[in-house]
Amino acid sequence: MTTQLFISPSNQVWQHTKPGDPSDNHTGWTFADPESKPFANSIGLGGPFPSSYPGNTPDPHLHAKNIREIYEKVGDKDGKYTVPILFDKKLKTIVSNESSEIIQMLNSEFNDFSSFPEVDLAPDQLRKSMDDVDSWIYPSINNGVYRCGFAKSQQAYNKAIEELTAAFDRVEEILSKQRFITGDNFTLSDIRLFVTLLRFDEVYVVYFKTNTRAVANSAVLLNYCREIYQMNGVASTVNMAQIKEHYYCSHPDLNKFSIIPKGTDFESLLKEPHDRNRFLQSQV
């Protein structure tokens with residue numbers, strides 16, 4: 001389906017989106033500009049960061065310099081200028097900027113263009129189970145890491161980390177007994193969980209203070225992540241260097257000098273053999 005969908009990753013380090021207006025302090029995602037010079041973070045420290053990476057392209061449709069301009073060019077000036085964006089290049093409008101909606105659309109609305117139209121990651125018989133797990137995984141884990149990282153009080157942090165830790169343990173318990181989060185079938189709910197677990201050790205444990213748990217310390221979750229990472233086409237979507245650069249360098253209030261921790265090379269652990277096939281044997 002990538003032959004029908006143009007994917008344009010933005011640069012990782014947030015920059016001022018109205019650099020010519022000193023009264024406008026908004027910072028956010030920018031598109032690659034191969035002709036620009038390297039830059040520092042939004043308060044002029046850290047870096048220098050390249051203005052373009054391999055695979056990060058300028059906006060070919062609206063020729064916007066940043067994500068904010070995309071919103072403004074389609075008449076939306078009231079939002080938070082968030083990503084991801086599913087953009088209709090024919091109608092020149094934003095279809096959705098909600099990731100949970102976009103993955104549903106990609107699962108079912110593009111089958112005419114899909115290389116694997118028979119794949120359904122949200123089958124009707126599993127919708128209720130998916131909704132059930134999403135209802136607590138999202139607030140406690142997916143959003144829970146942000147609630148920890150951007151907490152403005154000790155009380156708020158304590159509440160968030162306690163809920164995150166309990167949810168982490170709950171996921172571990174479920175996945176110790178079955179192959180995927182809703183049972184025997186890989187679903188969109190697994191994708192939603194995986195993308196947070198992927199970043200957990202390298203980013204959230206350090207940057208967002210979620211250090212009560214680590215994926216590398218859980219044989220169950222590490223092997224669960226290994227299986228998904230090793231699925232066809234998944235590893236090529238992971239760029240840990242850019243993931244870390246975005247988080248550690250886009251929030252000067254959390255990391256003034258944009259120092260990127262070396263980390264433990266969590267991704268290398270995902271390339272090792274997994275043990276999840278044991279659930280296939282148990283089904284025979």
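The structure holds 13 salt bridges, a salt bridge being a side-chain nitrogen of Lys or Arg within 4 Å of a carboxyl oxygen of Asp or Glu. Side chains of opposite charge can pair when their charged atoms come close. The model is a predicted one, in which local features need pLDDT of at least 70 and side-chain atom pairs count only at pLDDT 80 or more, while totals for chains, interfaces and linings use all residues. Residues are numbered from 1 along each chain as its sequence is written, and side-chain values use heavy atoms, with hydrogens and water left out.

**Salt bridges**

| Glu163 | Arg147 | 2.9 Å |

The salt bridge between Glu163 and Arg147 ties together parts that are 16 residues apart in sequence, because Glu163 lies in helix 5 and Arg147 in helix 4 (residues 144-149). Helices here are DSSP runs of H or I with at least four residues, strands are runs of E with at least two, and both are numbered from the N terminus. Glu163 is partly exposed at 27% relative accessibility, and Arg147 is partly exposed at 26%. In these terms, buried means under 20% relative accessible area, exposed means over 50%, and partly exposed lies in between (1.4 Å probe, protein chains only).

Arg213 has a relative accessibility of 30% and counts as partly exposed; Asp169, at 28%, is partly exposed.

Elsewhere, a network of salt bridges links Lys18, Asp24, Arg68 and Glu72.

**Packing of helix 5 and helix 6**

Helix 5 (residues 154-175) packs with helix 6 (residues 188-207) at an angle of about 115°, and their axes are 14 Å apart. Axes are lines fitted to C-alpha atoms, for helices over the stretch in contact, and angles run from 0 to 180 degrees between N-to-C directions. Helix 5 and helix 6 are therefore roughly perpendicular to each other, a term that covers angles of 65 to 115 degrees.

From helix 5, Leu164, Phe168, Val171 and Leu175 meet Leu193, Leu197 and Phe200 of helix 6, where contact means heavy atoms within 4.5 Å. The residues of this contact comprise 7 nonpolar, no polar and no charged. For this division, Ala, Val, Leu, Ile, Met, Phe, Trp, Tyr, Cys and Pro count as nonpolar, Asp, Glu, Lys and Arg as charged, and the others, Gly among them, as polar.

**Buried parts**

Helix 7 is mostly covered, with 10 of its 11 residues buried. Among the buried residues of helix 7 are Val220, Leu221, Asn223, Arg226, Glu227 and Tyr229. Their cover includes helix 5, helix 6 and helix 9 (266-270).

Phe208 is found in the loop between helix 6 and helix 7 and is buried, with a relative accessible area of 0%. Leaving aside neighbours within four places in sequence, Phe208 is in contact with residues including Val145, Tyr146, Phe150, Tyr157, Val203, Tyr247 and Leu254. By contrast, the C-alpha atoms of Phe208 and Ser114 are separated by 37 Å, and these residues are 94 places apart along the chain.

**Backbone features**

Most residues other than glycine have a negative phi, and most peptide bonds are trans. A cis peptide bond joins Gly47 and Pro48, with omega about 5°; Pro48 is found in the loop between strand 2 (27-28) and helix 1 (67-73). Another cis peptide bond, also with omega about 5°, joins Val83 and Pro84, and Pro84 is in the loop between helix 1 and strand 3 (86-88).

Tyr81 is not a glycine, although its phi is positive, at about 55°. Tyr81 is placed in the loop between helix 1 and strand 3 and is buried, with a relative accessible area of 10%. Lys92 likewise has a positive phi, of about 50°. Lys92 lies in the loop between strand 3 and strand 4 (93-96) and is partly exposed at 43% relative accessibility.

Methods
Parallel < 35°, antiparallel > 145°, perpendicular 65-115°, else oblique.
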